[in-house]
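I opened the notebook to look up the chain as a whole and then the surroundings of its ligands. Entries are in the order of looking.

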Amino acid sequence: MFKVLVSDPISDLGIQQLVEANDIEVDKKTGLSEDELVAIIGDYDALLVRSQTTVTARIMQAATKLKVVGRAGVGVDNIDLEAATQSGIIVINAPDGNTITTCEHTFAMMMALARHIPQAYAKTIGGTWDRKSFLGVELRNKTLGVLGMGRIGSEVAKRAKAFGMDILGYDPFLTQERAEKMGVKLASVDDILQHADFMTVHTPLTPETKHMISTPQFAIMKKGMRIVNCARGGVVDELALVEAIEAGIVAGAAFDVFESEPPQADHPFLHNPHIIVTPHLGASTVEAQENVAIDVSEQVLHILRDEPFKNAVNMPPVAASVMNKLQPYFGLGEKLGSFAAQISAQAIQEIRIDYAGELSEVDTQPLTRYILKGILSRHLGSEANIVNSLHLAKVRDLNVIVTSAPSTRGFTNLITVTLTAQDGSTQQVAGTLLSGYGERIVRINDYSVDVLPAGHQILVSHTDKPGIIGNVGSLLGQKNVNIASMQVGRKIEGGEAIMILTVDKDVPKDVLVGLVELPNLNTAKVVVLV
Ligand SMILES: NC(=O)c1ccc[n+]([C@@H]2O[C@H](COP(=O)([O-])OP(=O)(O)OC[C@H]3O[C@@H](n4cnc5c(N)ncnc54)[C@H](O)[C@@H]3O)[C@@H](O)[C@H]2O)c1
Ligand SMILES: O=C(O)CC[C@@H](O)C(=O)O
């Protein structure tokens, strides 16, 4: 049974699939302090949050069972991603579910700003019929500058066209071709500052975007601009904005987000007649809250059940087409890594992974993570997983070399894992996925084999002499270890050879000791693949 903690108010309908799953137990506990979360998080396999819960490094460190943090929304600035990666915790978000809702809120704010609706409402319900103070402006024929042309920015641009606005768009990833397709003029930040009548920001808050609109930008800004921020507090410098309003540069601003939320009672935005505000409501519609909760719940279920998932924030995105091609290899890759690590006696210094055949045609990074997990698990156990395996290899100064080549020694696909130890010795294992037959280990060091990578195995190296197979069989029989299958590989008659035996149960240590005492037998190692 997996335990899921929901620590922010998240749509009941959205998490219904979790509540109804018979392998999941859901606890809803909102408003917990960091200390309270630290005290209970060790019991949970998954944590679901919106933006209220700050998931700190301390919480991650106490989360000994946690596999996933699901963010029901886009921004993950309330989650310590570095700490999550180090702890091997997958962070997922729901990037698409609130796009339209936030875009519509941006429009609501832009129109409210253009027509002074909140101020007029307040006066009207206060008993004053004031038709003079609230002269607005039209959106038609105005220039809208959009900073950040991702999901929300692009939807805002689309709707602004319907209002008859000219749109200037800036985004480091916006190409001329895409801009033209959307009917947007590709612009620089300075172009927008100098020419826009309205500006709306839709970037994440990063070191680069923090205060990207501040005193120097206000200094060159077109006089009378109106600014909307429904993205993240801090993209526009709050104090510099208030100064720019007082200086008559900015005509008004509409903000849904603040540098610190909730803002203090004396925050200057709350006392400025030219600034309208909402309490981070961009994503707050019935539809969006259901969408994001459904999206994260679905991915959390996949992760807990060890199924393919999407929207991981602390792992590189992989196209579905690539994932479909790679997924059948994940199990094989992990077992090859595990096999190679189990036959390596020495501390590993270098890991080389060679992909060949059809695997050379795809981005194999996700598969590399599984292979590294297999290798690292030998010593790190469940601490190593596909989220942190690259990171763990890096912090241990392991040299990871990955190559791809079309040639396959007759196989349509081949994965070769070579581990080099500190003393320069190597251990190599190669495997393939045979159509209709499944996973096979086809090479161990210099020997061709055909072994199912499963269960308990004994890898023996010996000198090819008559009687050795009988001796090994007799000893295992005496020790009540049943042999399910056996293969022998040699290069030349009477030379070095290997024997790989699949046995039905765990091999006690004294059996290995007995094996290496047999004449002409050099080494015996146990490999367990689960
Ligand atoms: N107010 C809310 O409730 C609410 C709701 C949803 C999203 N958001 C926020 O809105 C923002 C946009 O969300 P989205 O879903 O469109 O994200 P997105 O990732 O689709 O788009 C963000 C865009 O910003 C661009 N960008 C990054 N750095 C930039 C820079 N220096 N200058 C210009 N562009 C830059 C990126 O290239 C990307 O295209 C995020 O900060 C998100 O957290 C707020
Ligand atoms: O959870 C919320 O309501 C805020 C969501 C929003 O800021 C986001 O980044 O998705």
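Entry 1, the chain. I note at the start that this is a predicted model. I looked up the secondary structure and found 18 helices and 22 strands in the protein chain. I then checked the radius of gyration, which is 31 Å; the globule rule gives 24 Å for 530 residues, so the chain is more spread out than a compact globule. The C-alpha trace spans about 110 × 50 × 40 Å along its principal axes. I also looked up burial: 41% of the 530 residues are buried. For contacts between residues at least 6 apart in sequence, I read that 65% join residues at least 24 apart.

I looked up the shell and found 31 residues around ligand 1, of which Gly75, Gly148, Gly150, Ile152 and Gly282 come nearest. By class, I have 14 nonpolar, twelve polar and five charged residues in this shell. Which helices each supply at least two residues of the shell around ligand 1? They are α5 (99–115) and α7 (151–162). I note that α7 gives the most, with three residues. By domain, the shell around ligand 1 takes at least three residues from domain 1 (2–97 + 287–304) and at least three from domain 2 (99–277).

Methods:
Residues numbered from 1 in each chain as written. Chains lettered and ligands numbered in written order. Predicted model: local features only at pLDDT ≥ 70, side-chain atom pairs only at ≥ 80, totals over all residues. Near = placed C-beta within 6 Å. Helix = DSSP H or I, 4+ residues; strand = E, 2+ residues; numbered from the N terminus. Nonpolar A, V, L, I, M, F, W, Y, C, P; charged D, E, K, R; others polar. Domains from an automatic or database assignment. Rg over C-alpha atoms; globule rule 2.2 N^0.38 Å. Buried ≥ 20, exposed ≤ 12 C-beta atoms within 10 Å, placed from the backbone. Contact = placed C-beta atoms within 7 Å.
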